[in-house]
Amino acid sequence: MVENSELRKAGLKVTLPRVKILQMLDTAEQRHMSAEDVYKALMEAGEDVGLATVYRVLTQFEAAGLVVRHNFDGGHAVFELADSGHHDHMVCVDTGDVIEFFDPGIEELQKQIVQKHGFELVDHNLVLYVRKKN
């Protein structure tokens, strides 16, 4: 469970909208949420937080390193809490579902390819666009 101390550590003042949005991201079944998803979930929970506030807070959270923004092809930005280790993503082109995965073999192969070309791997973002087999 993400706590208010996370906001303070990130240099952000603890405000009710920030707390509500952080809790929503932490407890939502869906790990990758757009600003609109967060807004709808807050409305369904009876919370009075405007869409503009959600966008502003998510941008502040991103700048503070609390969330990671992903801009997958063909869609809008989605956010996830920056609380987990490195992982890659698969995005279903039919449903937009985002699936996280980690594969040590892929990680090692990327390092080998980078070294083969005389570089050092600093960071990477692997996104596979997929479709369910019939």
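Q: At what angle do the axes of helix α2 and helix α4 cross?

A: Two packed helices are described by the angle and the distance between their axes. Here the axes of α2 (residues 16–27) and α4 (residues 51–63) come within 10 Å and cross at roughly 75°. That makes α2 roughly perpendicular to α4; angles under 35 degrees count as roughly parallel, over 145 as roughly antiparallel, 65 to 115 as roughly perpendicular and the rest as oblique. Axes are lines fitted to C-alpha atoms, for helices over the stretch in contact, and angles run from 0 to 180 degrees between N-to-C directions. Helices (H or I, at least four residues) and strands (E, at least two) are DSSP runs, numbered from the N terminus. The model is predicted: local features need pLDDT of at least 70, side-chain atom pairs count only at pLDDT 80 or more, and totals for chains, interfaces and linings use all residues. Residues are numbered from 1 along each chain as its sequence is written, and side-chain values use heavy atoms, with hydrogens and water left out.

Q: Which residues of α2 and α4 meet?

A: Contact means heavy atoms within 4.5 Å. From α2, Pro17, Arg18, Ile21, Leu22 and Leu25 meet Thr53, Val54, Val57, Leu58, Gln60 and Phe61 of α4. By class, the residues of this contact of α2 with α4 are 8 nonpolar, 2 polar and 1 charged. Ala, Val, Leu, Ile, Met, Phe, Trp, Tyr, Cys and Pro count as nonpolar, Asp, Glu, Lys and Arg as charged, and the others, Gly among them, as polar.

Q: How do α2 and α3 pack?

A: The angle between α2 and α3 is about 100°, and their axes are 10 Å apart. That makes α2 roughly perpendicular to α3. Lys20, Ile21, Met24 and Leu25 in α2 meet Val38, Ala41 and Leu42 in α3. This contact of α2 with α3 has 6 nonpolar, no polar and 1 charged residues.

Q: Which residues of α2 are buried?

A: An α-helix has 3.6 residues a turn, so residues three or four places apart point the same way. Buried means under 20% relative accessible area, exposed over 50%, partly exposed in between (1.4 Å probe, protein chains only). In α2 the buried residues are Arg18, Val19, Lys20, Ile21, Leu22, Met24 and Leu25. These buried residues of α2 pack against α1 (4–9), α3 (35–44), α4, β1 (67–70) and β2 (78–81).

Q: Which residues touch the most other members of the largest nonpolar core?

A: A nonpolar core is a set of buried Ala, Val, Leu, Ile, Met, Phe, Trp, Tyr and Cys residues joined through side-chain atoms within 4.5 Å. The largest has 22 residues, and Ile21, Leu25, Val38, Val54 and Phe61 touch the most other members. Two or more residues of this core come from each of α2, α3, α4 and β2. The element that gives the most is α2, with 5 residues. Apart from its neighbours within four places in sequence, Val54 is in contact with Ile21, Ala35, Val38, Tyr39, Leu42 and Val49.

Q: Is His124 buried or exposed?

A: His124 counts as buried because its relative accessibility is 18%. His124 lies in the loop between α5 (104–116) and β5 (127–130). Leaving aside neighbours within four places in sequence, His124 is in contact with His86, Asp88, Glu107 and Gln110.
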